[in-house]
Amino acid sequence: ARILARELHLLPDVVQTVENPTAGEGAIVLTVGPGAETRSLKHDGYVIVFRNGGATIHRVRPRSLLYAAADAHLWKERNSGTFVRDPSFAIRAVPDPRQIPLTELASRLGVNTVIAGHAPVVSLRRTLPEVYNLLSAADKQRLDQQEQASAMTSARFLQQCRDADVTCYTDMPYGNNFSHWSAPLYEAALKAYPTAKGTPATTSWEKAALCPSDPGTWKLFDAYVRELAEQAQTDGLYATFWDQYGMYCQCERCKRNGLNQFPNELYLQIKHYNDVLSSMGKKLMLRTWSSGAPHWLNGEWVHAPGQDGFGGLGDSLWSRVIQELPASITLQTKVYSTDCEPDARFNTLLGKAKPHTELVEYQVAGQTVGRFYFPASGVDYMASTMKKAYAATGPEGGSEIGPGGTHQSNYSVYDDIANSINVYAWRELTWDVNADLNKIWSDWAATIY
């Protein structure tokens, strides 16, 4: 109600929330629950009925009213008839930018899923005391204090998500490399389970912090994931599989059983993720990345689970995960097959992950449309690929946007009077993949200029 009143330049008491809606003259009424007006909607949209000089907004979910508030510029001049909006994609996701309140974020971007960018600190004190007890006294004290503080941060984030009526995930530490997750815990873990240390490939950027053939690896991995999920308190975890991958082990055990190969390593690691999370009633979302090609970097070969080359083609690389693991696991894949290229080819992995739910990822940031030091539009590319993505994933699939000015300080793309078009266009196209681009541009401009 507050957002809607602000968008319409009204006093807050003009917007009312009622159980039995009958809009009086000039009033805007928000319904407290779904009704007959919204039964035809497939997802979490809304229906506005204009009558007697007022408007009644019927919602599917509480967050539907947030969407209607942000859309006020599309319907505020109406005084009769019905205005209906329902998104094309079932899932619309965004990382938490921490620059604007979550209710504002959900409203402006029309999203129903938010990913926390910072994972809570884990000590393994509860889940694996034999490792925790091998930490130094200083590390124990530091991890315990950080764990307590991060738990409070997680609780605040969760409450914000509940207030905004959005699903929330916590992003695992990037790279799936335990030595990067926590250096002191990794050092202590190798004292407890010395045979868990992996054998890296020569000159490979992808390390072997842990050996997937060793039982100690999975005891450590499962305990860490469980404790992190408990600390996070969110609906699930979000894990990225690309560079800094930490289980590319080439020991004799792994060579004999095939766990020296990415498809088998991915399968086993993701199976453990899912087994732990499903036992806790939580969800798993995988970021397959699946863009870019293997390349040399500082004398090391970058070739982690991505797309093409030595890493393997996407559909074969992820085949065991797709075919053998539960359909409840969601796969998020970049829309393009190659980072850092204009008009990059459409990702061939999209549409091949059935029966899993698929999300198409748009990185609206430095390596795609630039750092936003000057205007850069990706609207046409987004529009053409969004239609392909919708055809590939279906209406029960989704789209994720990662917006931002890479390595810029004190910058928010949401407040950028030029480059915010990219965010606005994503919002409109996820709600209507056939939206008219001229109207998107003019509606965006009208809200700023």
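Helices and strands here are DSSP runs (H or I of at least four residues for helices, E of at least two for strands), numbered from the N terminus.

Before going further, a word on the source: this is a predicted model, in which local features need pLDDT of at least 70 and side-chain atom pairs count only at pLDDT 80 or more, while totals for chains, interfaces and linings use all residues. Residues are numbered from 1 along each chain as its sequence is written, and side-chain values use heavy atoms, with hydrogens and water left out.

Helix 15 covers residues 379-393, and its 15 residues reach 20 Å from the first C-alpha to the last, close to the 21 Å expected. That expected span is 1.5 Å times one less than the number of residues. Which residues of helix 15 are buried? They are Val379, Met382, Ala383, Thr385, Met386, Ala389, Ala392 and Thr393. Buried means under 20% relative accessible area, exposed means over 50%, and partly exposed is in between (1.4 Å probe, protein chains only). The buried residues of helix 15 pack against strand 14 (358-364), strand 15 (398-403), helix 16 (420-431) and helix 17 (437-448); contact here means heavy atoms within 4.5 Å.

Strand 15 has 5 of its 6 residues buried, so the rest of the structure largely encloses it. Strand 15 is joined to strand 14 by 6 bridges, and the two run parallel; Tyr362 has Ile401 of strand 15 as its bridge partner. Strand 6 (residues 91-95) also runs parallel to strand 15, with 3 bridges between them, and there Arg92 stands opposite Ser399. Strands count as paired if DSSP finds at least two bridges between them.

The loop between strand 15 and helix 16 holds Ile417. Together with Ile448 and Tyr449, Ile417 makes a nonpolar surface patch of about 330 Å². Patches are made of residues with over 30% relative accessible area and no salt bridge, like charges being joined within 9 Å and nonpolar side chains (Val, Leu, Ile, Met, Phe, Trp, Tyr) within 5 Å. The areas come from the Shrake-Rupley method with a 1.4 Å probe, and for residues only the protein chains shown count as cover.

**Salt bridges**

How many salt bridges does a search of the whole structure find? It finds 23, a salt bridge being a side-chain nitrogen of Lys or Arg within 4 Å of a carboxyl oxygen of Asp or Glu. Here are three of them.

| Pair | Closest N to O |
|---|---|
| Arg63 and Asp44 | 2.8 Å |
| Arg126 and Glu147 | 3.6 Å |

Arg63 forms its salt bridge with Asp44. Arg63 is in helix 2 (residues 62-70) and Asp44 in the loop between strand 2 (28-31) and strand 3 (46-51), so the pair ties together parts that are 19 residues apart in sequence. Both Arg63 and Asp44 are buried.

Next, Arg126 forms a salt bridge with Glu147. Arg126 lies in the loop between strand 7 (113-116) and helix 5 (129-132) and Glu147 in helix 6 (residues 137-164), so this pair ties together parts that are 21 residues apart in sequence. Arg126 counts as partly exposed at 41% relative accessibility, whereas Glu147, at 3%, counts as buried.

Asp139 is partly exposed at 21% relative accessibility, and Arg142 is partly exposed at 34%. Elsewhere, salt bridges that share partners join Asp44, Arg61, Arg63, Arg92 and Asp165 into one network.

**Helix 6**

The 28 residues of helix 6 should span 40 Å, and its end C-alpha atoms are 41 Å apart, which agrees. Its buried residues are Leu143, Glu147, Ser150, Ser154, Phe157, Leu158, Cys161 and Ala164. Among the elements covering them are helix 2, helix 4 (102-109), strand 7, strand 8 (167-171), helix 8 (183-192) and helix 9. Helix 6 is followed by Asp165, whose phi is positive, near 60°.

Thr217 sits in helix 9 (residues 215-232) and is buried at 0% relative accessibility. Leaving out residues up to four places away in sequence, Thr217 touches Ala196, Leu210, Cys211 and Met247.

Trp318 is in the loop between helix 12 (314-317) and helix 13 (319-324). Is Trp318 buried or exposed? Trp318 is buried, with a relative accessible area of 0%. Beyond residues up to four places away in sequence, Trp318 touches Phe241, Leu266, Ile270, Leu286, Thr288, Ser290 and Leu349.
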